[in-house]
Amino acid sequence: MMSKLRFPLSLPVLTLTASLTALPLQADTLRIAIMGEPASLDPHKISGTWENDVVGDLFEGLITEAADGERIPGVAESWEISEDGTVYTFQLRQDARWSDGEPVTAEDFVFAFRRILTPATAADYAYLLYPVQNAEAIYTGEAEPETLGIEALDDHTLQITLERSTPYFLDQLSHYTAYPVPRHVVEEHGDRWSRPGSMVSNGPFKLQRWQSQTRIEAIRNEHFHDADNVALDQVIYFPIEERNTALNRFRAGEIDVAREFPTQQYRWLRDNLPDATHTAPFLGIYYYVLNSREGHPTADPRVRKALSLAVRREVITEQILGTGEEPAYSFVPPGVSHYEPAMVPFVDMSQEERLERARELMSEAGYGPDNPLQLRLRYNTSEDHRQVAIAIGAMWEPLGVEVDLFNSEIAVHYADLRQGDFDVGRAGWIGDYNDAQNFLSLLESGVANNYGAYSNEEFDALMREAAETQDLDRRGEIMAEAERLALEDSATLPIFYYVSRNLVNPALQGWENNIEDIHRSRWVSFEE
Amino acid sequence: MLLYVFKRLLQAIPTLLIVITLSFFLMHLAPGGPFDGERQLPAEIEANLRAAYHLDQPVWRQYLIYLGNLLQGDFGPSFRYKDFTVTELIAQGFPVSLELGLWAIALAIALGLPLGIVAALHRNSSVDYLVMGTALAGVAIPNFVIAPILALVFGVLLAWLPVGGWNDGHWRNMVLPVVALSIQQVAYIARMTRASMIEVLGTHYIRTARAKGLSEREVIWRHALRPALLPVVSYLGPAIAGIITGSVVIEQIFGIPGIGRYFVQAALNRDYTLVMGTVVFYGILIVLLNLIVDVLYSALDPQIRYDD
């Protein structure tokens, strides 16, 4: 009866496709629910993790990620680094090809690096390449793109010169900001090169179809150098913002991987779909910015310390969130390579001792029951943020702190943080790359994302020293020293480390949890 | 009549201009900008981005640039969806919202009108109470409650229909969102039809019609129905405009690529061009649909004539 229903008004949905005929669903099709609609598929115009999910399957950098997130050679076969750590010489694979069959050459990398740094490209993530010689000057319009420290010595030899030694630079080369773009295609199609029909890429998959807000289809790229080991024929990415919709579609078997399932459902999922529910430590910190600017009560280190002491992080992770988050006693999350995070000094104290000490500090700072401290706590609108803020407000009550909560949508929230219009503000940071510097630089004087305007000369000096240290372990120790200083100062108030939350079809093989939560489809296959 | 339509269209121009101007300046007054996000961009990066979108110009000049482009039919590039222009986004999303919305409104009329009429004819009977009770529930339960329940029951538990997705408008993907979208409208239309039918049935000319011996059927079909429909028709104008420009909630929950989500998302992202594009588009639709409603009025009600 239902099948007789006809919908005569089937206006053809306008889609940006080369051919409107959808491929029949093949057996080896991976269906992924990503977090939202990509802003673009041009690696120079994106900044979100959901975009990385797609673009990272379409392209491959000099270095790439294995299933467990380890860095492995990508387009680069081998490389040499000069003694002083500033000149990298890469040998590119002879068999690296674009999806149209053209060879991937060193020239494509030169073109890509110059393009992303050209001011007119307006790439919002270009600053990740600032370690490259002259990159910043080019981006600010003070130098020509041709002066960038990258050179094609021949078709398959690429040399990159850095401003100064940057120990994490190789890791960064796996980031999408360092992907090659096909010069011959970009020059032909201009800014519209990354759309279906014209897009050419060099990764394990190539773009087939993009129906805005609905689905992005990619098929196996036969020209990919490791195509023989790519098991999937097709990957379909469904942009689904509503996390519960992704969950329902996963339960109905319509998708195989759902990124970031809703926290509220964690207990149910753990009990009912244990094989499919993945949570793992993630390279991110949820923290409160404490405003160190003159005129704010939080400019007093004693107040900051007291506030940090009184926050019962275990209560927040276990009773409020309950998604496997770990309470945070450091600013850099654990698991970062070549780094052992420093811990807040009070980590071994009992809750009573902490509260006792916090009271002392508050009365030293001149606050108490007779002179309560009024704090303005800002957070961006979200149920989880609200609950955490309320709980923390309650935890501060015994110190005689009265908290006024303000919430606003995300754009307004961060604009307010930037202007310093708060005492305590919620923030989060997800590492751009697996390195402690990416977190600790948030506390350097004058850095844009240093919302609390924390400033400590000693800290800055240690960070400079670390930047010039070649030995990775020694460098890690110096940064840990810097972190210890910041934690003793209670420069910020770390609350918990993020976890990644994915639903994964148990029939999938080769999908591994990792700290950066990067999962490339080339490693994934279905059980026979 | 044609003259009237022409006049109305002319009047629409200042209306739209006011809408555009107000939204443009309100939008720029809102705190936060398109490039404020979780991580602050280095100043020079933000400067480059602002220059690329003319945001470094004074607001009044941005306004003039925008108006100029608009006159040439150019809504500009989306700030957020960088591979698409606003025109393309609307051109892709609107047919989907339109198709979904028309089915929903058709379903709402097909169910709502007869239910309302039946309830009116059996006023204060158990049929009336049943229909109106259900309608009240339909009005009261918001669609963000109904939609997930439908998806859970028919998609996940019974597995009769897909939970979400559009699949190029396959009917299976359309059933749940159409039902979810129309439930409230069915309820409104039924209640409105009942009320206006009861009012019409109490008028003198219906009494006259009955007095001259017409059958009840003829009284209702020939004399009561048309005037009873007037308030419903006037409600339908804005209702259709609202429903075919998409429902944020339904589109989000069922993952439908319509334009409804842009109304909210573009505003949250401070995607200025997309906000303006949807506002202008919506404005034009409202003006047109209201005009159609007024023209229909004259067809339904002989007391209304536009040949001035």
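The model is predicted: local features need pLDDT of at least 70, side-chain atom pairs count only at pLDDT 80 or more, and totals for chains, interfaces and linings use all residues. Residues are numbered from 1 along each chain as its sequence is written, while chains are lettered from A and ligands numbered from 1 in the order in which they are written.

**Interface of chains A and B**
- In chain A, 46 residues are in contact with 51 residues of chain B (C-beta atoms, placed from the backbone, within 7 Å).
- On the side of chain A that touches chain B, helices H6 (243-251) and H12 (410-419) each supply at least two residues (helices are DSSP runs of H or I, at least four residues, and strands runs of E, at least two, numbered from the N terminus).
- H12(A) gives the largest share of that side, 6 residues.
- That side of chain A divides into 22 nonpolar, 13 polar and 11 charged residues (Ala, Val, Leu, Ile, Met, Phe, Trp, Tyr, Cys and Pro are nonpolar, Asp, Glu, Lys and Arg charged, the others, Gly among them, polar).

**Annotated spans of chain B**
- An unreviewed UniProt entry annotates "transmembrane region" at stretches of chain B including 12-30 and 274-297; such annotations may be inferred rather than shown by experiment.
- Residues 12-30 of chain B are 95% helix and 0% strand, with end C-alpha atoms 27 Å apart.
- Residues 274-297 of chain B are 100% helix and 0% strand, with end C-alpha atoms 34 Å apart.

**Ile105(B)**
- Ile105(B) is in helix H4 (residues 86-121) of chain B.
- Ile105(B) counts as buried because it has 22 C-beta neighbours inside 10 Å (buried: 20 or more other C-beta atoms within 10 Å, C-beta atoms being placed from the backbone).
- Leaving aside neighbours within four places in sequence, Ile105(B) is in contact with Gln185(B), Ala239(B), Ile240(B) and Ile243(B).
- Ile105(B) and Ala239(B) are 134 residues apart in sequence, and their C-alpha atoms are 8.4 Å apart.

Key: Two residues are in contact if their C-beta atoms, placed from the backbone, lie within 7 Å. A residue is buried if 20 or more other C-beta atoms lie within 10 Å of its own, exposed if 12 or fewer, and partly exposed in between; C-beta atoms are placed from the backbone.
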